[in-house]
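Here is a short report on a protein chain.

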Amino acid sequence: MREQPIGEAVDNAERVEVIAYHRGDTHAAIDTLLEDIRHLRRQLTLAEGAMSRGMTRGWRPSYDRD
């Protein structure tokens, strides 16, 4: 799968690729994507704890889409 640039909409070909990777099992595809979300949220939490306020000028990461 190709890496998707930030802000680009998901296209149908990418969706088909994810499902094909999981051999047509949509539940497995969803499970993998949810695990990825959990992992990235944990990584964001760790990064937030490691960065200083001065480095980010008061910016804090958002865990949900705005």
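A residue is buried under 20% relative accessible area, exposed over 50%, and partly exposed in between (1.4 Å probe, protein chains only). Buried residues make up 11% of the 66 residues in the protein chain. This is a predicted model: local features need pLDDT of at least 70, side-chain atom pairs count only at pLDDT 80 or more, and totals for chains, interfaces and linings use all residues. Residues are numbered from 1 along each chain as its sequence is written, and side-chain values use heavy atoms, with hydrogens and water left out.

The chain has 3 helices and 0 strands. Its pattern along the sequence is α-α-α. Helices (H or I, at least four residues) and strands (E, at least two) are DSSP runs, numbered from the N terminus.

The accessible surface of the chain is about 6000 Å². Carbon and sulfur atoms account for 56% of that surface. Areas come from the Shrake-Rupley method with a 1.4 Å probe.

Two surface patches follow. Like charges are joined within 9 Å, nonpolar side chains (Val, Leu, Ile, Met, Phe, Trp, Tyr) within 5 Å. Asp and Glu count as negative, placed at CG of Asp or CD of Glu.

Asp-25, Asp-31, Glu-35 and Asp-36 form the negative patch. Ile-30, Leu-34 and Ile-37 form the nonpolar one, with about 250 Å² of accessible area together. Glu-35 lies in helix H2 (residues 26-50). Leu-34 is also found in H2.

| Residue | Relative accessible area | State |
|---|---|---|
| Glu-35 | 49% | partly exposed |
| Leu-34 | 38% | partly exposed |

Technical notes
Patches are made of residues with over 30% relative accessible area and no salt bridge: like charges are joined within 9 Å, nonpolar side chains (Val, Leu, Ile, Met, Phe, Trp, Tyr) within 5 Å. A salt bridge is a side-chain nitrogen of Lys or Arg within 4 Å of a carboxyl oxygen of Asp or Glu.
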